[in-house]
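This briefing goes through a protein model by topic. The sequence and structure come first.

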Amino acid sequence: MGRRRRRKVVKVVKKKLPKYFVCPRCGAHAVKVVMGEIGSVAKVQCSQCGLVGEIQITGPSHPVDIYCKFSDLFYSGQIG
Ligand SMILES: [Zn+2]
């Protein structure tokens, strides 16, 4: 029969999507995705090392999707 400790749980929910992503080349948290319209391109740029890429927006997507494609392209040697 112990005491019940009541713990105050303060949850901080961040609803903000990350604005900057980790650069696959220099590792800095400095990659910015500038979205465009569907059918056009999104621009991805690292403000640290200057790595840039353009990703075709084929459908409704979030900056994080663009970033994923961007890093895929980087690792497959198509950009950078
Ligand atoms: Zn970089």
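Four donors count as tetrahedral if all angles lie between 85 and 135 degrees; four count as square planar and six as octahedral if opposite donors are over 155 degrees apart and all others between 65 and 115; anything else is irregular. The site of the zinc ion is tetrahedral, with angles of 106 to 113° among its four donor atoms. The model is predicted: local features need pLDDT of at least 70 and side-chain atom pairs count only at pLDDT 80 or more, while totals for chains, interfaces and linings use all residues. Residues are numbered from 1 along each chain as its sequence is written, and side-chain values use heavy atoms, with hydrogens and water left out.

**Zinc site**

- The protein donors are C23 (SG), C26 (SG), C46 (SG) and C49 (SG), lying 2.3 Å from the zinc ion. Donors here are N, O and S atoms within 2.8 Å of the metal (3.2 Å for Na, K and Ca); water is not among the atoms, so sites may look incomplete.
- Along the chain the donors follow the spacing C-x2-C-x19-C-x2-C.
- C23 counts as buried because its relative accessibility is 3%, whereas C26 is partly exposed, with a relative accessible area of 35%. Buried means under 20% relative accessible area, exposed over 50%, and partly exposed in between (1.4 Å probe, protein chains only).

**Sheet**

- Four strands form an open sheet in the order β1-β2-β3-β4, with antiparallel pairing. β1 (20-22) and β4 stand at the edges with a single partner strand each, so one side of each is left without a neighbour in the sheet.
- From one strand to the next, the twist averages 30°. Axes are lines fitted to C-alpha atoms, for helices over the stretch in contact, and angles run from 0 to 180 degrees between N-to-C directions.
- Strands (E, at least two residues) and helices (H or I, at least four) are DSSP runs, numbered from the N terminus. Two strands pair if DSSP finds at least two bridges between them.

**Strand pairs and turns**

- β1 and β2 pair over three bridges, and Y20 stands opposite K32 in β2. Their hairpin has six residues between the strands, and G27 takes a positive phi near 80°.
- Four bridges join β2 (residues 29-34) to β3. V34 stands opposite K43, and V33 has V44 as its bridge partner. Six residues lie between β2 and β3 in their hairpin, where G39 in the turn has a positive phi of about 100°.
- β3 pairs with β4 (residues 52-56) over five bridges. V41 is partnered by Q56 and A42 by I55. This hairpin has five residues between its strands, and G50 in the turn has a positive phi of about 85°.

- The largest nonpolar core has 17 residues, and V31, V44, I66 and F70 have the most contacts inside it. Such a core is a set of buried Ala, Val, Leu, Ile, Met, Phe, Trp, Tyr and Cys residues joined through side-chain atoms within 4.5 Å.
- β2, β3 and α1 (63-75) are the elements that give two or more residues to this core; α1 gives the most, with four residues.
- Not counting residues up to four places away in sequence, V44 touches residues including V31, L51, I55, I66 and F70. Contact means heavy atoms within 4.5 Å.
- α1 lies across β1, β2, β3 and β4, running at about 115° to β4.
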